[in-house]
Amino acid sequence: MDTSDSATNKQWHYVAESELHGKGVFARCFIPKGTPIMEYEGKRISPQEADEQPSADPDNPYHTFFFSLSNGKIIDGAQQGNDARWINHSCEPNCEGHENDAGDRVFIVAKRDIEADEELLYDYALTIDEPLTEELKKNYACWCGAPNCRGTMLALDETPESNPSSSLASDMARLVRAQVQAEIERLQPYLRREIKREVRRNLRLQRQRRRSAR
Ligand SMILES: C[S@@+](CC[C@H](N)C(=O)[O-])C[C@H]1O[C@@H](n2cnc3c(N)ncnc32)[C@H](O)[C@@H]1O
Ligand SMILES: [Zn+2]
C-alpha cells in the first residue's frame, strides 16, 4: 500500500452531517478499493491518559475519538486530529484502518470500491479493559443498521463462542469454582464441629481462670 504523502494528500473526502450520527465523512468521488484515503491523525497518548481524558462530548460519556495502535499507544483524534476523527462506525464498513509496518501510524483504506457521496465507515471494534456486559455493549450501542449489525461498536472477538481458548479458560474457571464450592460444603459440618469445640474449650479455660483467681 502506498501511504506516501503524495498518495494520501489527494482530497478523497468531505465532511458533512451524517444520518448515522453527528458529523460524518463522505467520498468526494469514486474511490477504488485499496485506496489509502487519509491518515488517522492525533496526539499519541497512553491507555492511562486515555482513561483520565474527559469525554469529547459532555452529553455522551462514551463518545470517543480514540484509535488504538498495536504498539499499545492510542491516537487521540480530539487533540491535533484531522477529518478522520469524524468517520463513523459500521459493522459492515467500506473502509478499514491499516497500520504501517512500524505500527505507529494508521491509514484509512477503502475496503471495496466506494461510490461518490457514500459515507466512509470503518469498524471501530473498540476494546475495553472490562468484562463485556450487556450494559457495556449498550453504552457503546451501534446504530449502523447493517443486516449483520452486532448492536455495539465494541469488538466481540473475545466472547467464548468466537474464541475457543477463551471458552476453554472459562470452562476451567467454572470447574475450579464448582470444586472449591463442593469442598467448602464437604468441610462445613467438620468446621462447625471444630468451632463449637473451640468455643467450649475457651469457656472452660475462662471458668478455670476465674476459679483460680478467687
Ligand atoms: C470518532 S466520533 C465520529 C464522529 C461523530 N459522528 C461526531 O459527530 O462526533 C465517534 C463517535 O460517534 C458516534 N458514532 C459513530 N458511529 C456510530 C454508530 N454506528 N452508532 C452509534 N454511534 C456512532 C459515537 O458516539 C462514537 O463515540
Ligand atoms: Zn452496527
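Where in the protein is the place of Q80? Q80 sits in the loop between strand 6 and strand 7. Its backbone has a positive phi of about 55°, although Q80 is not a glycine. Q80 counts as exposed because it has 11 C-beta neighbours inside 10 Å, and a residue with 12 or fewer is called exposed. Please keep in mind that this is a predicted model. With that said, let us walk through the rest of it.

D117 is not a glycine either, and has a positive phi of about 75°. D117 is found in the loop between strand 9 (106–110) and strand 10 (119–122). With 12 C-beta neighbours inside 10 Å, D117 counts as exposed.

Now step back to the whole chain. The protein has 4 helices and 10 strands. Read along the sequence, they follow the pattern α-β-β-β-β-α-β-β-β-β-β-β-α-α. Of the 214 residues in the protein, 21% are buried. Take the contacts with a separation of 6 or more: 65% of them are between residues 24 or more positions apart.

We can begin with strand 1 and strand 2. Strand 1 (residues 13–17) pairs with strand 2 in the antiparallel sense over 5 bridges. To find this pairing in the structure, look for H13, which stands opposite A27 in strand 2. The two strands form a hairpin with 5 residues between them. In its turn, G22 has a positive phi of about 45°.

Which residues come nearest to ligand 1? Of the 19 residues around ligand 1, these are G22, K23, N88, H89 and W143. Strand 2 (23–27) and strand 7 (88–89) are the elements that give two or more residues to this shell. By class, the shell around ligand 1 holds 7 nonpolar, 10 polar and 2 charged residues.

One is an open sheet of 3 strands in the order 3-9-8, with antiparallel pairing. Strand 3 (36–39) and strand 8 (95–99) are its edge strands, and each pairs on one side only. From one strand to the next, the twist averages 30°. Strand 3 and strand 9 are antiparallel and pair over 3 bridges, and here E39 stands opposite F107 in strand 9. On the other pairing, 5 bridges join strand 8 to strand 9, again antiparallel. The bridge partner of E96 in strand 9 is V109. Strand 8 and strand 9 also form a hairpin with 6 residues between them, and G103 in the turn has a positive phi of about 75°.

Are the residues of strand 9 buried or exposed? Strand 9 is mostly covered, with 5 of its 5 residues buried. Both of its faces are covered: V106, I108 and A110 are buried on one side, and F107 and V109 on the other.

Our last stop is another open sheet of 3 strands, in the order 4-6-5, with antiparallel pairing. Why is one side of strand 4 and of strand 5 left without a neighbour in the sheet? Strand 4 (43–45) and strand 5 (66–68) stand at the edges, each with a single partner strand, so one side of each has no neighbour there. Neighbouring strands of this sheet are turned by 30° against each other on average, direction ignored. Strand 4 pairs with strand 6 (residues 74–76) in the antiparallel sense over 3 bridges. Within that pairing, I74 in strand 6 is the bridge partner of I45. From strand 6, the loop that runs between it and strand 7 brings us back to Q80, where we started.

Methods. Residues numbered from 1 in each chain as written. Chains lettered and ligands numbered in written order. Predicted model: local features only at pLDDT ≥ 70, side-chain atom pairs only at ≥ 80, totals over all residues. Near = placed C-beta within 6 Å. Nonpolar A, V, L, I, M, F, W, Y, C, P; charged D, E, K, R; others polar. Pairing = 2+ DSSP bridges. Axes fitted to C-alpha atoms, helices over the stretch in contact; angles between N-to-C directions. Buried ≥ 20, exposed ≤ 12 C-beta atoms within 10 Å, placed from the backbone. Contact = placed C-beta atoms within 7 Å.
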